[in-house]
Amino acid sequence: MSQQGTAGPDQGDTAPFLRALAGETLPTPPIWLMRQAGRYLPEYRELRARAGSFLDLCYTPEFATEVTLQPIRRYGFDAAILFSDILVVPHALGQDVRFVEGEGPRLDPVTTLAQFDRLKPEIDLGFLSPVYETVARARAALSPETALIGFCGAPYTVATYMVAGRGGDEQAPARLLAYGEPETFQVLIDRLVEASAAHLVAQLQAGAQAVQIFDSWSGDLPPAEFERWSTKPIAAICERVRARVPGAPIIAFARGAGAKFGAFAHAVPANGFGLATAEDRVAARAAAPAGAALQGNVDPLALMAGGPALDAAVDACLRDLGSGPFILNLGHGVRQHTPPEHVAQLVARARRTG
């Protein structure tokens, strides 16, 4: 069930984003977008070229802070999200991670217990100290009304990369391992639960005011596997984070949960739940725990299209979800070739300022 509560000191109680996560229904919903900092912005592309590799961009606090702040300056979103990557967790566990231009992430696949045993038993938080420095810098640069979100990938999603050695849409290797050697896969998931919780706690202690857990690839799992590999690990992360940071605001995003959403939302002790593009908003509101904030779910392609289609998509979200705690977002991330002016249109439409 949804858990509310205060999030500790210096949490910016006036921030609309945090008020919505605390269960308040606001006349104008707070807005932020997944991948709001990224390749669609010319200022990001310029900085990315200066940084060298993608990981250098993530691990250089000066650069990562600037990328985190770029969309806030341009659009005035109600929340900034830390610029980083979900694969810093396996990187800090000792797995080789690299990004190939034009192809995406590459990892040395981990598919056996012997290979798992070569990973570090605990996440190396010192290795990730540049990430936490970025959190502190970004928080210091933001106004009290603008919240800062930290994040991690959910264990199942991160495991798909670790097992396949490449992009998470290639799920077959991880799913085959989970079916054929469930005990081995459980070892990996358990380690990722502990590592992810520690990473989120470190972000919260550095200045993040809420965290989001991204499960991008679990939606295709059958119900029993979804419960074992997505719901239970995410619930365990929430519990571990709250044991260290009582009342920490958490958003859980299980992309493509569909008919499994209600059970997921009642089993995971989060404050808010992200809705993917195809999610039925009315059904999700009915299925969600009382007081839980729902976040979403404008189609990223409607954002790319702009014009009347985008206005209609924003209006539909406001109509379907605005009667309860609600955060306006996309159903997935901003696409690379989205015109920046369309993002300004979304913000203006939601706030009725244009």
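**Figure 1. Burial and overall dimensions of the protein chain.** In this predicted model, 60% of the 354 residues of the protein chain count as buried. The chain is built from 16 helices and nine strands. Its C-alpha trace spans about 60 × 45 × 40 Å along the principal axes. Why call the overall fold a compact globule? A compact globule with 354 residues would have a radius of gyration near 20 Å, and the protein chain has 19 Å, so the two agree. Contacts also reach across the sequence: among those with a separation of 6 or more, 74% join residues 24 or more positions apart.

**Figure 2. The largest nonpolar core.** Here we step inside to a core of 129 residues. Which residues have the most contacts inside this core? They are F17, F185, F273 and L346. Helix α10 (residues 182-206) gives the core its largest share, eleven residues. As background, nonpolar side chains in soluble globular proteins tend to be buried together.

**Figure 3. The surroundings of F17.** F17 is one of the residues with the most contacts inside the largest nonpolar core, and this view shows its partners. Setting aside neighbours within four places in sequence, F17 is in contact with P30, W32, D78, A79 and A147, and also with I149, A210, I251, Q295 and I327.

**Figure 4. The largest pocket and its lining.** This pocket has a volume of about 1,700 Å³. Its lining counts 48 residues, and those closest to the pocket centre are R35, R39, F54, D85 and Y161.

Figure 5. Which element supplies the largest share of the lining? That is α2, with three residues.

Figure 6. Not counting residues up to four places away in sequence, D311 touches Q345 and R349. How far is the C-alpha atom of D311 from that of A348? The two C-alpha atoms are separated by 9.6 Å, while the residues lie 37 apart along the chain.

Methods:
Residues numbered from 1 in each chain as written. Predicted model: local features only at pLDDT ≥ 70, side-chain atom pairs only at ≥ 80, totals over all residues. Heavy atoms only, no water. 1 Å grid on protein atoms, 1.4 Å probe; cavity = no way out; pocket = protein on both sides within 12 Å on 5 of 7 lines; lining within 4 Å. Points joined across faces, edges and corners; volume = space filled by probe spheres on them. Helix = DSSP H or I, 4+ residues; strand = E, 2+ residues; numbered from the N terminus. Contact = heavy atoms within 4.5 Å. Core = buried A, V, L, I, M, F, W, Y, C linked by side-chain atoms within 4.5 Å. Buried < 20%, exposed > 50% of the residue type's maximum accessible area, 1.4 Å probe, protein only. Rg over C-alpha atoms; globule rule 2.2 N^0.38 Å.
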